[in-house]
Amino acid sequence: VLFRSELTTNLTQTLTYKKSFGKHDFTALVGHEETNFEFNKMRIQGGGLFNSNVQLPAVATTVAAANEADHWALRGYLARLFYSFDDKYLFTFNMRRDETSRFASNNRSGIFPSLSAGWRVSDEPFMKNQKLFSNLKLRGSWGESGNQFTGQNFAYLPSLATTVFYVIGAGQSIVRGPAPVVFANSNLKWERSAQTDIGFDATL
């Protein structure tokens, strides 16, 4: 008999503000996100059934059980600012701060910025008389992202196994007891990756 449940909940709120005056356009956004993951699995196995048509562990001669569980949470705060002048010069700045339960308290938070800029060259006065481009835009961006899935969940804590057997005493009795199988690494932190892009859009 196998019982399994897996649930991921996401909660997101954002607030956007826009303002335009003259040739200036501003858009600001702030937001908050919550992600919660829960996983539970239980297996009950029976052997020596007196009737193979009645497959219930409760009527088995031998019964064994095992279970697995996992739980982590992620909280994020984000902000974005977009500015455009005359629809020719475009700038975007993003900032995100995430907190995860997968790391120790002193390494749970990570801040990840990004920015981009664009120049619509085809709208410049010196491009008015040319016939090749109906639209030409140069753009570039740089940003960082974070990854919390850098290994086993809660690897900053030591893991114990209860399936380790010991021989103790004068009678050399075999007993089962917990023992560490994964040693803690309190220095685990967000994995960071950075990316830079340069490109152009053109319509001929």
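Author: Beyond its neighbours within four places in sequence, Val 175 is in contact with Val 164, Phe 165, Tyr 166 and Ile 168. Val 175 sits in strand β8, which covers residues 173–182. The model is a predicted one. At a relative accessible area of 31%, Val 175 is partly exposed.

Read from the N terminus, the elements run β-β-β-β-β-β-β-β-β. The radius of gyration is 29 Å, while the globule rule gives 17 Å for 204 residues. The chain is therefore more spread out than a compact globule. Its C-alpha trace spans about 95 × 45 × 30 Å along the principal axes.

What share of the 204 residues counts as buried? The figure is 23%. The accessible surface comes to about 14,100 Å². Carbon and sulfur atoms hold 58% of that surface. Contacts can also be sorted by sequence distance. Take the contacts with a separation of 6 or more: residues 24 or more positions apart account for 60% of them.

Part of the surface is a nonpolar patch. Its members are Phe 21, Phe 26, Leu 81, Phe 93, Met 95, Ile 111, Leu 115 and Trp 142. Together they have about 700 Å² of accessible area. Two elements give two or more residues each to the patch: β4 (89–100) and β5 (109–120).

Strand β4 deserves a stop. Met 95, one of the patch residues, has its place in this strand. Met 95 is partly exposed, with a relative accessible area of 31%. A patch residue needs over 30%, so Met 95 passes that cut-off with its 31%.

Asn 94 is also found in strand β4. Is Asn 94 buried or partly exposed? Its relative accessibility is 19%. Buried means under 20%, so Asn 94 counts as buried. The side chain of Asn 94 makes a polar contact with the side chain of Arg 80, at 2.7 Å.

Next, the charged pairs. How many salt bridges does the structure hold? The number is twelve. One of them joins the side chains of Arg 75 and Glu 34, at 2.6 Å from N to O. Arg 75 lies in strand β3 (residues 62–85) and Glu 34 in strand β2 (residues 24–47), so the pair ties together parts that are 41 residues apart in sequence. Arg 75 is partly exposed at 34% relative accessibility. Glu 34 is partly exposed too, with 23%.

Another salt bridge links the side chains of Lys 88 and Asp 86, at 3.7 Å from N to O. Lys 88 is buried, with a relative accessible area of 10%. Asp 86 is partly exposed, with 30%.

Asp 87 has a salt-bridge partner in Arg 120, where the closest N and O atoms are 3.7 Å apart. Asp 87 lies in the loop between β3 and β4, and Arg 120 in strand β5. The pair therefore ties together parts that are 33 residues apart in sequence. Asp 87 is partly exposed, with a relative accessible area of 42%. Arg 120 is buried, with 16%. Shared partners matter elsewhere: salt bridges join Glu 33, Arg 96 and Asp 98 into one network.

Back to the starting point. Val 175 in strand β8 is in contact with residues including Val 164 and Ile 168.

Notes: Residues numbered from 1 in each chain as written. Predicted model: local features only at pLDDT ≥ 70, side-chain atom pairs only at ≥ 80, totals over all residues. Heavy atoms only, no water. Patch = residues over 30% accessible without salt bridge, like charges linked within 9 Å, V, L, I, M, F, W, Y side chains within 5 Å. Areas by Shrake-Rupley, 256 points an atom, 1.4 Å probe, with all protein chains shown as cover. Salt bridge = Lys/Arg side-chain N within 4 Å of Asp/Glu carboxyl O. Helix = DSSP H or I, 4+ residues; strand = E, 2+ residues; numbered from the N terminus. Buried < 20%, exposed > 50% of the residue type's maximum accessible area, 1.4 Å probe, protein only. Polar contact = N/O pair within 3.5 Å; in protein donor to acceptor, adjacent residues only side chain to side chain. Rg over C-alpha atoms; globule rule 2.2 N^0.38 Å. Contact = heavy atoms within 4.5 Å.
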